[in-house]
Amino acid sequence: MPLTRLVYFSTSKRPTDGSVAVQLKQILASSIKNNVHFAVTGGLVFNRNYFLQVLEGGRSNVTKVFSTISVDLRHDQIELVEVKDVRERLFAAWSMGFASTPELIKELWAKMDIQGEFNPKLLTGDQIVKLIFELVKKEEGFASSRKFSIA
Ligand SMILES: Cc1cc2nc3c(=O)[nH]c(=O)nc-3n(C[C@H](O)[C@H](O)[C@H](O)COP(=O)(O)O)c2cc1C
């Protein structure tokens, strides 16, 4: 079965009820439950205005999960960055690794040598995958696909 990696980013919408932290917890809880079921792995980065996400797994399962995500009202302006066959999973350690520490994002963004505020529109697919991977690895460590690292 072909292994596929899908990458997108989107603009997060302010929750109409409850806090951003509660909303993120709910998203992660659903993600981990469903992604385990669909054997999907990946990483999700939240940075104030943006979500950046990688989904990897069997092509039909990645399509199913992304179809659900794409109509989720908690974000909009979804921009598909890439969908491609890959030989192996980069995010094998995480059902949905998560990172949202502003300082870490700032640090990696500064290293990328791009002018202005953090903006995923300025990045290539490879740069986005690398950014998500580095952030998730730093914030989660390799062990935990189930740990919630948001306060
Ligand atoms: C930015 C973002 C990323 C999401 N990522 C996933 C994901 O990786 N897997 C998933 O099943 N749901 C994800 N969701 C949630 C789905 O859109 C949907 O709410 C959820 O799958 C519903 O599942 P449930 O009813 O079983 O909780 C995400 C939502 C948002 C806004």
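Modeller: Before we start, two strands are said to pair if DSSP finds at least two bridges between them, and everything below refers to a predicted model.

Colleague: Which residue in β3 stands opposite S10?
Modeller: The strands concerned are β1 and β3, which pair in the antiparallel sense over 9 bridges. Within β3, T4 has G57 opposite it, whereas the residue that stands opposite S10 is F51.

Colleague: In what order do the 5 strands of the open sheet stand?
Modeller: β1 pairs with β3 in the antiparallel sense and also runs antiparallel to β4, although the pairing in the sheet as a whole is mixed. Neighbouring strands are turned by 15 degrees against each other on average, direction ignored. Read across the open sheet, the order is β4-β1-β3-β2-β5.

Colleague: Which strands have one side left without a neighbour in the sheet, and why?
Modeller: A strand at the edge has a single partner strand, so one of its sides is left without a neighbour in the sheet. The strands that stand at the edges in this way are β4 and β5.

Colleague: How many of the 10 residues of β1 are buried?
Modeller: β1 takes part in the 5-stranded open sheet, standing between β4 and β3 in its order. The strand is mostly covered, and the number of its residues that are buried is 7.

Colleague: Is V129 buried or exposed?
Modeller: V129 lies in helix α4, residues 125–140, and touches V7, V54 and L90, leaving aside residues up to four places away in sequence. Q53 is 76 residues away from V129 in sequence, yet the two are 8.3 Å apart in space, C-alpha to C-alpha. Since the cut-off for burial is 20 or more other C-beta atoms within 10 Å, and V129 has 22 of them, V129 is buried.

Colleague: Which element gives the most residues to the largest nonpolar core?
Modeller: This core has 32 residues, and those with the most contacts inside it are V7, V45, I128, I132 and L135. Two or more residues come from each of β1, α1, β2, β3, α2, β5 and α4. V7 touches I128 and V129, among others. With 6 residues, the element that gives the most is α4.

Colleague: Which element supplies the largest share of the shell around the ligand?
Modeller: There are 16 residues around the ligand, of which S30, S31, N34, F51 and D72 come nearest; by class, the shell has 7 nonpolar, 7 polar and 2 charged residues. At least two shell residues are supplied by each of α1 (20–38), β3 (50–58) and α2 (59–70). The largest share, 5 residues, comes from α1.

Colleague: Q77 has a positive phi although it is a residue other than glycine; is Q77 buried or exposed?
Modeller: Q77 is found in strand β4, and its phi is near 50 degrees. The cut-off for exposure is 12 or fewer other C-beta atoms within 10 Å, and because Q77 has 11 of them, it is exposed.

Colleague: Where is D113, which has a positive phi without being a glycine, found?
Modeller: The phi of D113 is about 60 degrees. With 6 C-beta neighbours inside 10 Å, D113 counts as exposed. D113 is found in the loop between α3 (102–111) and α4.

Terms used:
Residues are numbered from 1 along each chain as its sequence is written. This is a predicted model: local features need pLDDT of at least 70, side-chain atom pairs count only at pLDDT 80 or more; totals for chains, interfaces and linings use all residues. Helices (H or I, at least four residues) and strands (E, at least two) are DSSP runs, numbered from the N terminus. Two residues are in contact if their C-beta atoms, placed from the backbone, lie within 7 Å. A residue is near a molecule or strand if its C-beta atom, placed from the backbone, lies within 6 Å of it. Ala, Val, Leu, Ile, Met, Phe, Trp, Tyr, Cys and Pro count as nonpolar, Asp, Glu, Lys and Arg as charged, and the others, Gly among them, as polar. A nonpolar core is a set of buried Ala, Val, Leu, Ile, Met, Phe, Trp, Tyr and Cys residues joined through C-beta atoms within 7 Å. Axes are lines fitted to C-alpha atoms, for helices over the stretch in contact, and angles run from 0 to 180 degrees between N-to-C directions.
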